Amino acid sequence: MNKAKAKKNLTILLFIIPAMVPMVAFWIYPILKSGWLSFTDWDYMSPNYNYVGIENYSSVISNDGFWSALSNTFLFAIGTIIPTIVIGLFLALLLNKNLRGRAIYRFLVFSPWITPTVAVSIVWSWIFDSKGGFANQLLGFMGIPGLNWLTSSDTALISVIIVTVWKGIGYSCIFYLVAFDKIPEDRYEAAALDGAGFWKKLRYITIPGISPTTFFLTIITMVDALKAYDQIQILTQGGPSGSTRTLTYLFYQLGFEQFKMGQASAVAIIIVIITVSLSFLQFKLSKKWVNY
């Protein structure tokens, strides 16, 4: 019996190892390395360094730039999550109907998600160009003065949010379409027999039925907002005046522009802590929907 159990454990281990090797090499080890670097004053260039304890953390936390980046990250996350989920749900409701050419519409909605973020950001930088960009041409057509979309601190973060939402709604739409298929059809039939219309079915059947998907998308979108970098680098480079500098972009600036790798690693560890906390929250709260 012990031999059979040992053989079973060995078989399980052999299946796990191929997945664990890249996970250890490209996720666990870099995190541990960053944690170690966060206690040093390494400048990214010199082979020499000194241990400074928690000085990097205290320097980062006492810096107004950190709290500004944290605030921008929070605003960016909220501004991304709500429209992505709401618009994605609206499109899923439309595409869930028996429309002619539905497969083509689904492809068009999902195509921004599979397009590289750099390419998407470059196209949107042309759209938001203050001198003849499509966005300002559209505003001019409606008699509204053009905006400095990417060069004004009042609109820069909103512009980055628009790009991020446009890219992400296809992702949430596909998840909602799958979630719709998991709701038992007999619930809708019973509601129809009771005289329930579209809105009552949506409120009492559809929305509760897709609540696990909504919660999952909320966490995933929040995590994506924490690590957003490509669109910010292409569109605004964290400006103007730091109005679009998020925690991830602050990490980049500290590490690869100012060569303060110790402080940059401290920011990275803070990002990891926030991300792990959100994942733990998802794990704990999602249990309420396991038996739905």
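Student: How are helices and strands defined here, and how many of each does the chain have?
Tutor: Helices (H or I, at least four residues) and strands (E, at least two) are DSSP runs, numbered from the N terminus. This is a predicted model, in which local features need pLDDT of at least 70 and side-chain atom pairs count only at pLDDT 80 or more, while totals for chains, interfaces and linings use all residues. Residues are numbered from 1 along each chain as its sequence is written, and side-chain values use heavy atoms, with hydrogens and water left out. On that basis, the chain has 13 helices and zero strands.

Student: Is Asn136 buried or exposed?
Tutor: Asn136 lies in helix α6, which covers residues 134-141. Buried means under 20% relative accessible area, exposed over 50%, and partly exposed in between, with a 1.4 Å probe and protein chains only. Because its relative accessibility is 11%, Asn136 counts as buried.

Student: With which side chain does the side chain of Asn136 make a polar contact?
Tutor: Contact means heavy atoms within 4.5 Å, and, leaving aside residues up to four places away in sequence, Asn136 touches Asp129, Ser130, Gly146, Leu147 and Trp149. A polar contact is a pair of N or O atoms within 3.5 Å; within protein, one must be able to donate a hydrogen and the other to accept it, and residues adjacent in sequence count only if both atoms are side-chain atoms. At 2.9 Å, the partner of the Asn136 side chain is the side chain of Trp149.

Student: Are α8 and α9 roughly parallel or roughly antiparallel to each other?
Tutor: Axes are lines fitted to C-alpha atoms, for helices over the stretch in contact, and angles run from 0 to 180 degrees between N-to-C directions. Helix α8 (residues 185-193) and helix α9 (residues 198-209) pack at an angle of about 150°, with their axes 11 Å apart. Angles under 35 degrees count as roughly parallel, over 145 as roughly antiparallel, 65 to 115 as roughly perpendicular and the rest as oblique. The two helices, α8 and α9, are therefore roughly antiparallel.

Student: How far apart in space are Val160 and Trp124, C-alpha to C-alpha?
Tutor: Val160 is found in helix α7 (residues 156-181), and at 0% relative accessibility this valine counts as buried. In sequence, Val160 and Trp124 are 36 residues apart, whereas in space their C-alpha separation is 9.3 Å.
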